[in-house]
Amino acid sequence: MFFDELSDESLLKHLKASSEPAFKTLYRRYWRRCFAMAFQKTKIKVVAEEITQILFIALWEKRNDLYINHLEAYLFTAVKYQVFKYIESQLVRTHYESQLNPSMLSENSVEKEVFLQDLTRLLEQAVSQLPEKTKQIYQLSRLENLAHKEIALQLRCSEKTVEYHITQALKSLRIALKDFL
């Protein structure tokens, strides 16, 4: 079978059937464009490569559970989400590093420092505008690194409730930080 000639929809059906050639065809078809988008957002080649690899690994691992109507839109949305996760993790890391060693910030370029300060300010502002329960769950998850189950136990709610609030927080933050993404 010539997988290169198949439509995305056909390839997705083969992918659900665990077809490695279908996956490889999708990878070849979309890797470069996903990488370009990630690189455009992050400006760091290694990070863009990592984001793209994570995206395709997840596509393969979750192939049986995914319901994708339009593959290209799905992949580009997933790239944006991965970029957001990367920026968020960098902010958290920078926050903790600056608490441990404030002089580390002076080692960065002025441009990077200003960018991080602006992004941190925007993130903090966006988090402060979240509904109280959503903000509380987001902070427990992202700042205290608690698992959904731990948060659910601590707040005496279901894991689905925790997932809902984190999803709502991430949607709101993506909108608030859209200029950085």
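Predicted model: local features only at pLDDT ≥ 70, side-chain atom pairs only at ≥ 80, totals over all residues.
Reader: How is a pair of packed helices described?

Author: Two numbers do it: the angle between the axes and the distance between them. Take H1 (residues 8–16) and H2 (residues 20–42). Their axes come within 8 Å and cross at roughly 140°.

Reader: Which residues make the contact?

Author: H1 supplies Asp8, Leu11, Leu12, His14 and Leu15. H2 supplies Ala22, Phe23, Thr25, Leu26, Arg29 and Tyr30. By class, that is seven nonpolar, two polar and two charged residues.

Reader: Now H6 and H7. At what angle do their axes cross?

Author: Roughly 135°, with the axes coming within 10 Å. H6 covers residues 132–142 and H7 residues 148–155. This pair is therefore oblique. Here the crossing is right-handed. On H6, the contact uses Lys133, Gln136, Ile137, Leu140 and Ser141. On H7, Ile151, Gln154 and Leu155 take part. The classes are four nonpolar, three polar and one charged.

Reader: How do H6 and H8 cross?

Author: Their axes come within 9 Å, at roughly 95°. H6 is therefore roughly perpendicular to H8. From H6 come Lys133, Thr134, Ile137, Tyr138, Ser141 and Arg142. From H8 come Val162, His165, Ile166, Gln168, Ala169, Leu170 and Leu173. The contact of H6 with H8 counts seven nonpolar, four polar and two charged residues.

Reader: Turn to empty space. How is that found?

Author: A probe the size of a water molecule is rolled over the atoms, and it shows where space is left. In this model, the largest pocket has a volume of about 660 Å³.

Reader: What lines the largest pocket?

Author: There are 17 lining residues. Closest to the centre are Tyr74, Thr77, Ala78, Tyr81 and Arg174. Helices H3 (45–61), H4 (71–100) and H8 (159–176) each give two or more residues.

Reader: Which helix gives the most to the lining?

Author: H4, with seven residues.

Reader: And what is the lining by class?

Author: Ten nonpolar, two polar and five charged residues.

Note on methods: Residues numbered from 1 in each chain as written. Heavy atoms only, no water. Axes fitted to C-alpha atoms, helices over the stretch in contact; angles between N-to-C directions. Helix = DSSP H or I, 4+ residues; strand = E, 2+ residues; numbered from the N terminus. Parallel < 35°, antiparallel > 145°, perpendicular 65-115°, else oblique. Left-handed = near helix turned anticlockwise from the far one by under 90°. Contact = heavy atoms within 4.5 Å. Nonpolar A, V, L, I, M, F, W, Y, C, P; charged D, E, K, R; others polar. 1 Å grid on protein atoms, 1.4 Å probe; cavity = no way out; pocket = protein on both sides within 12 Å on 5 of 7 lines; lining within 4 Å. Points joined across faces, edges and corners; volume = space filled by probe spheres on them.
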